[in-house]
Amino acid sequence: MSIVVTGATGQLGRLVVESLLARGVPADQIVAAGRDEGRLADLAANGVRTARIDYSDPASLKEAFAGADALLLVSGSEVGRRVEQHGNAVEAAKDAGAGRIVYTSAPKATTSALVLAPEHKGT
Ligand SMILES: NC(=O)c1ccc[n+]([C@@H]2O[C@H](COP(=O)([O-])OP(=O)(O)OC[C@H]3O[C@@H](n4cnc5c(N)ncnc54)[C@H](OP(=O)(O)O)[C@@H]3O)[C@@H](O)[C@H]2O)c1
């Protein structure tokens with residue numbers, strides 16, 4: 001079993017990885033993924049698998065998501081590019097056979113008038 005957490009170099013992703021560990025998920029069943037793998041070195045030292053990914057780089061996603069059962073997709077920060085980027089991540093997770101994808105969307109994204117909602121709806 002493996003759970004992939006993207007955005008692990010960011011605030012939420014790191015908190016999720018730490019929470020999974022605290023709940024007893026074995027470290028080697030967690031993949032902490034981020035653009036700068038060096039910033040995940042302390043997690044790697046504790047047995048967490050780490051991976052370098054960029055949502056704009058499908059090959060990096062394919063490699064990192066291989067064997068994933070579940071994915072937490074933390075929304076990226078490059079506004080205007082995120083539908084394509086997140087789509088790359090969703091496709092990679094589907095190709096890997098992941099049974100569950102959880103995404104940090106926005107409240108009622110499909111109907112919200114929030115200026116950022118369309119990218120979440122698109123994702
Ligand atoms: N914090 C808030 O109050 C708040 C409120 C509303 C919505 N949000 C959204 O919720 C999400 C998570 O929040 P957060 O506070 O954890 O944000 P954060 O600390 O900025 O983390 C965002 C993560 O996404 C990664 N990322 C961005 N672009 C990427 C790309 N092209 N490929 C791969 N990874 C990429 C970042 O990697 P790098 O470390 O390499 O930049 C970082 O790990 C963000 O999208 C944020 O905009 C946050």
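This is a predicted model: local features need pLDDT of at least 70, side-chain atom pairs count only at pLDDT 80 or more; totals for chains, interfaces and linings use all residues.
Contact here means heavy atoms within 4.5 Å.

I noted the sourcing: residues are numbered from 1 along each chain as its sequence is written, and side-chain values use heavy atoms, with hydrogens and water left out. Local features need pLDDT of at least 70 and side-chain atom pairs count only at pLDDT 80 or more, while totals for chains, interfaces and linings use all residues.

Next I checked helix H3 (58-65); helices are DSSP runs of H or I with at least four residues, strands runs of E with at least two, numbered from the N terminus. Ser60, Leu61, Ala64 and Phe65 of H3 are buried (under 20% relative accessible area, exposed being over 50%, partly exposed in between, with a 1.4 Å probe and protein chains only). They lie on the same side of H3 because they cover an arc of only 115° around the axis, taken from the directions from the helix axis to the C-beta atoms. The face turned away from the buried side carries the exposed residues Ala59, Lys62 and Glu63. I see the buried residues of H3 pack against E1, E2, strand E3 (49-52), E4 and H4. Gly67 follows H3 and has a positive phi, near 80°.
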